[in-house]
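Thanks, everyone. Let's get the model up on the screen and go through it.

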Amino acid sequence: MNHTPGAIDTHAHVYPAAYLDLLEDGGVDPATTRIARDIGADSTAADITTRLAWMDRAGVATQVLAATPQVPFSPEPGHAARCARWINDEYLRLVDEHPGRFAAYASLPLPHVEASLAELERVGTAAGVVGVTVPTLLPDGGSLVGSRLDPVWQALSEAGAVVNVHPTGSGACSPMITEHGLAWVNGAPVEDATTLLQWLAADMPRRFPGIRLHVAHLGGDLPFLAQRVQDNYEDWGSFPASPAESLRDVWVDAANFHEPSLLMAVDTYGPQRVMAGSDHPYFQEDKYVRAMEYVRTSRLAPQQRDAVLRDNALALYGRALPR
């Protein structure tokens with residue numbers, strides 16, 4: 001295969017079994033963590049060796065790791081903070097032991113504000129941490145745009161932080177999705193798009209202008225709906241600012257693997273706002289290679305392909321990305 005060297009995979013996960021055990025000890029339903037077990041997602045030496053081998057085959061220099069949707073939650077703030085420290089430290093270990101191969105989105109023990117601010121202060125500027133990752137829906141059912149999280153968003157805005165948004169597998173809390181086994185089939189992109197629309201409707205870009213938002217899976221179905229969303233702003237005042245303009249200030253990853261959707265996303269968000277992503281380890285081996293190859297073989301211009309595969313991530317993460 002003719003690889004563009006040094007692709008940056010901005011959407012990947014590691015789920016150590018010990019971390020999942022810790023979540024369950026804090027009250028997380030084992031049904032929630034089951035999807036992350038026994039899929040080659042652990043941080044053992046064997047799992048990481050296999051991961052690195054497939055990264056090499058896919059022409060990927062660096063994976064950006066996120067623990068979402070297995071977020072560090074417990075009703076008890078102390079235990080949630082312990083979970084966040086554990087997974088963040090484990091990711092930092094991988095960054096340190098494999099120079100240049102991994103970076104990390106830090107996890108916060110949301111919705112516990114004080115504990116989240118403390119963890120952000122502890123690891124927010126650590127080497128290899130490129131931002132924080134948050135779920136589309138908080139573990140206690142709350143929205144990301146609820147006012148109780150304003151102190152967290154304010155701290156992130158002041159730091160100019162990247163905030164990665166990832167679905168939860170809750171099917172957007174819709175029985176139309178969850179009762180038909182569609183939580184990950186189409187529920188995940190619905191969560192992506194709905195949360196991004198909530199973010200725009202709540203005027204979060206104006207209120208917290210320093211935050212740089214990275215939404216998974218091309219932002220769900222928003223590229224398809226972009227004109228409808230804009231019309232609702234122009235004709236019905238559904239948003240405080242033009243969504244068409246606001247969406248061009250958002251970054252998305254290309255963990256979608258359908259070339260027409262990729263082209264639509266580049267047109268909608270702009271060629272500087274789409275980044276490579278795989279959703280590894282949910283897509284492994286040949287389908288991991290496909291996550292990069294579908295960009296390399298796409299009808300995008302060569303400069304745009306290079307931007308998606310590497311340059312846009314370098315521009316977003318800057319010096320926080322290990323070299």
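One cut-off before we start: buried means under 20% relative accessible area, exposed means over 50%, and partly exposed is in between. Keep in mind that this is a predicted model.

Is A241 buried, exposed or partly exposed? Its relative accessibility is 33%, so A241 counts as partly exposed. A241 sits in the loop between helix 10 and helix 11. Which residues does A241 touch, once residues up to four places away in sequence are set aside? The answer is Y233 and S246. For a sense of distance, take E179. A241 and E179 are 62 residues apart along the chain, and their C-alpha atoms are separated by 35 Å.

How many strands form it, and in what order? Eight strands make an open sheet, ordered 1-2-3-4-5-6-7-8, with parallel pairing. Strand 1 and strand 8, residues 274–275, are the edges, and each of them pairs on one side only. In general, strands of a sheet pair through backbone hydrogen bonds, either parallel or antiparallel.

Some pairings in detail. Strand 3, residues 102–107, and strand 4, residues 129–135, run parallel and are joined by four bridges. There, S107 stands opposite T133 of strand 4. Strand 5 and strand 6 also have four bridges, in the parallel sense. N164 faces H214 of strand 6 as its opposite number. Strand 6 and strand 7, residues 251–253, run parallel with two bridges. V215 has V252 in strand 7 as its bridge partner.

H11 lies in strand 1, residues 7–12. Its relative accessibility is 4%, so H11 counts as buried. The side chain of H11 makes a polar contact of 3.2 Å with the side chain of D253. Leaving out neighbours within four places in sequence, the contacts of H11 include V64, H166, A216, H217 and D253. A255, A276, G277, S278, D279 and H280 are also among them.

Next, the helices. Helix 8 lies across strand 5, residues 162–166, and strand 6, residues 212–215. Helix 8 runs at about 160° to strand 6. Just after helix 8, D203 takes a positive phi of about 65°.

Compare helix 10, residues 222–236. A straight helix of 15 residues would span 21 Å at 1.5 Å a residue, but helix 10 spans only 18 Å between its end C-alpha atoms. Where is the kink in helix 10 centred? On R228, with a kink of about 30°. L222, P223, V229 and Q230 are the buried residues of helix 10. Those buried residues pack against helix 8, helix 11, residues 243–246, and helix 12, residues 259–269. After helix 10 comes G237, with a positive phi near 65°.

To close, two pictures to keep. Helix 10 has a kink centred on R228. Over to you.

Terms used
Residues numbered from 1 in each chain as written. Predicted model: local features only at pLDDT ≥ 70, side-chain atom pairs only at ≥ 80, totals over all residues. Heavy atoms only, no water. Expected span 1.5 Å × (residues − 1). Bend = angle between axes of the 7 residues up to and from the residue. Buried < 20%, exposed > 50% of the residue type's maximum accessible area, 1.4 Å probe, protein only. Contact = heavy atoms within 4.5 Å. Polar contact = N/O pair within 3.5 Å; in protein donor to acceptor, adjacent residues only side chain to side chain. Pairing = 2+ DSSP bridges. Axes fitted to C-alpha atoms, helices over the stretch in contact; angles between N-to-C directions.
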